[in-house]
Amino acid sequence: MKRLLKIRISNISVMLLVSAAMVLGGCGGGDDGGGLSDTTPPVADLSSPNGGEVWEGWQQITWTTTDVNPGTVEILLSSDSGVSYPVVIASDATDVGMYAWNSGAAPDGTACRVKITPKDKAGNVGTPVTSAADFTLKNVPKVAGFARYRDENINGIADAGDKLIVRFDLNVTVNSGVGADFLLPVTGDALGTGTTVAAGPANNEITISLGTAPHLMSRGDFDPVNTPANAPSGIDISAAMAADAIESMVSGTDAAPSAPVDIIPAFVKDGRQIDNSPTMDMALEDLDNDGDLDLVAGNIGTPDRVYFNDGSGYFSDSGQSLSGGYNNTSSIALGDVDGDGDLDIVTVGDYTGGRIFINDGSGNFSDSGQLLAPDIGVSGGRSASVGDLDGDSDIDIVLGLECSVPYRYCSYVYLNNGAGVFEFTLQNIRMSGSAVVDLDGDGDLDLTSWREIWLNRGDGIFVDSNRSIECAVNNSPRSLGDVDGDGDIDLVYAKSICLNNGKGYFTDSGQDLFVLSKVIGDIDGDGDLDLLNGGGSMLLNDGYGVYTDAGVALAATSPSVLGDVDGDGDLDTIEGYIVWRGSLAGTD
């Protein structure tokens, strides 16, 4: 474009023909700041999302652009790891290095990537840049994990006021909610008339208060292809859920159906504490032969105590103080050591060595006068275990100790003469905290502690197997049992599970756990062994020895024991003298 300019020099008018580019210095045609045309494309560098992020709701896409005159960017979204970018997030966003994006407007996915194409003010288009790896969009809340049934009034019946806690994979808000907002796949299942829904207890959970005449079954594992009447129950969000009833706390996206989750029994604190003495170990067995489970507690600083059950899970102090003059018990074992048909008590602890208390058949105990391993020293007793070690049909004893010579840790083996009198076998075995169990499947009881295995010859004499349990992590096994259902005894350690091949050779299951206590039992009634962790968490077994945290928190402390204390057919627990009732019976 050219134009005439009229200028005046010393009263002389001069007409000049000039181009617009000369007058405007290149504006609109591109310029590098010196009057020359800008032909250099911008260079962008994507900061986020750049792989691995999990995004929900409003997020910031960030980048940097190198250019003298940044202009705009185009932002596209891929949901197939960058094969294609069909979704336009922004077609002409101002290039300021940041774009606020409501990710809830895009579908959820785990193979998401972003592509940014910069364009400067001169019209130069830069090379597109993309996320280096996939990120995840998660805006639609879906049920996750397990749903926990709580028999709130502890009456063994599912009825109005009982609770069902449903977990989601995102934090959720409850704006309304009725029973019709949920899908119960099993024929005949119902939440009851007058069901209400509330948020909590956790941000990613809701609590359903059951209405009148509910029907649920928590025993066993929910199977989506096996849903006849009285099959194990599951629950999901219904496709007919009212709009905005339950939505993401961040993005506001409504919850949606996915795959129903299993309904499992939780524990309910019954409001009573049996005692408040500091305790190191507990055992539940029928001590007075009345058909229910009684409690014996090994205490620190106070004598050991015996508590009788009234049959409904209420315990009373028997008034007995089992100490033998010592008050520092670390481990308790129960067995009929004198062969009279009732359970006697074996204890071991600091300063104490091993002591035996004989039952008169009614749960009244007297000190046998026998002191086992009297030379163990200040920090001696660690574990007491009982079993028929020599195959003569009576109960023998193994004490795990801290010794001075020849090893720091050792186990003493005591054989029973059949009348409850024990003789030291002179075996000083190099292990502490010994568990008595048949590890190699030959029918006799072996010993294990941490990584060591000592095999029984069959006569109560033990031989070092020279095998090391390499998967053992953090001290002695916390639990023993057939966790994978193959008929042999596996070992559960503080941070690992070691699976037995049937001959006493162990391999790591590959699970990284944190197990404080030794409590093992079938909590959800599906026929396999679950774990109740000291400190309150419950780990459920899939039947093959793979454990999942059920989200149950008892807010209690170790030690703990499992047993049906109220006689309703499910497992209850006592943790730190606090009784927690199982809820399985309410949905049988």
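**Exercise 1. Describe the surroundings of S496 in this predicted model: which residues does S496 touch, not counting residues up to four places away in sequence?**

Step 1. With those sequence neighbours set aside, S496 touches C471, A472, V473, L491, D508 and Q511.

Step 2. S496 belongs to the loop between β39 (490-492) and β40 (497-500).

Step 3. At 2.6 Å, the side chain of S496 reaches the backbone oxygen of C471. C471 is also one of the residues listed in step 1.

Step 4. Decide on burial. The relative accessible area of S496 is 2%. Buried means under 20%, so S496 counts as buried.

**Exercise 2. Is G510 buried or exposed, and where is G510 found?**

Step 1. G510 sits in the loop between β41 (506-508) and β42 (519-521).

Step 2. The relative accessibility of G510 is 65%. The cut-off for exposed is over 50%, so G510 is exposed.

Step 3. L499 is 11 residues from G510 along the chain, and their C-alpha atoms are separated by 10.0 Å.

**Exercise 3. Classify N226 by its accessibility and locate N226 in the chain.**

Step 1. The loop between β17 and β18 holds N226.

Step 2. N226 has 39% relative accessibility. This value falls between the limits of 20% and 50%, so N226 is partly exposed.

Step 3. From C-alpha to C-alpha, N226 and P185 are 9.4 Å apart in space, while 41 residues apart in sequence.

**Exercise 4. Work out how β18 is placed: with which strands does β18 pair, and which way do its residues point?**

Step 1. Strand β15 (residues 182-183) pairs with β18 in the antiparallel sense over two bridges. In this pairing F182 stands opposite I237.

Step 2. β20 also pairs with β18 in the antiparallel sense, over two bridges. Here G234 stands opposite D262.

Step 3. In a regular strand, side chains alternate between the two faces of the sheet. In β18, G234 and D236 point one way, and I235 and I237 point the other way. All four of these residues are buried.

Step 4. Take I235 as an example. Leaving aside its neighbours within four places in sequence, I235 is in contact with residues including V143, L164, F182, I208 and I263.

**Exercise 5. Find the largest nonpolar core: how many residues does this core have, and which have the most contacts inside it?**

Step 1. The largest nonpolar core has 25 residues. Those with the most contacts inside it are L164, I206, I208, I235 and I246.

Step 2. Among the strands that each supply at least two residues of this core are β13 (163-168), β17 (205-209) and β18 (234-237).

Step 3. A second, separate core has 19 residues, including I61, L77, I89 and A106.

**Exercise 6. Describe the open sheet of three strands: what is its order, and which strands stand at the edges?**

Step 1. The order is β3-β5-β8, with antiparallel pairing.

Step 2. β3 (43-48) and β8 (98-102) are at the edges; each has a single partner strand, so one side of each lacks a neighbour in the sheet.

Step 3. On average, neighbouring strands of this sheet are turned by 25 degrees against each other, direction ignored.

Step 4. Five bridges join β3 and β5 (residues 58-66) in the antiparallel sense. V43 has T66 in β5 as its bridge partner.

Conventions:
Residues numbered from 1 in each chain as written. Predicted model: local features only at pLDDT ≥ 70, side-chain atom pairs only at ≥ 80, totals over all residues. Heavy atoms only, no water. Helix = DSSP H or I, 4+ residues; strand = E, 2+ residues; numbered from the N terminus. Buried < 20%, exposed > 50% of the residue type's maximum accessible area, 1.4 Å probe, protein only. Core = buried A, V, L, I, M, F, W, Y, C linked by side-chain atoms within 4.5 Å. Contact = heavy atoms within 4.5 Å. Polar contact = N/O pair within 3.5 Å; in protein donor to acceptor, adjacent residues only side chain to side chain. Pairing = 2+ DSSP bridges. Axes fitted to C-alpha atoms, helices over the stretch in contact; angles between N-to-C directions.
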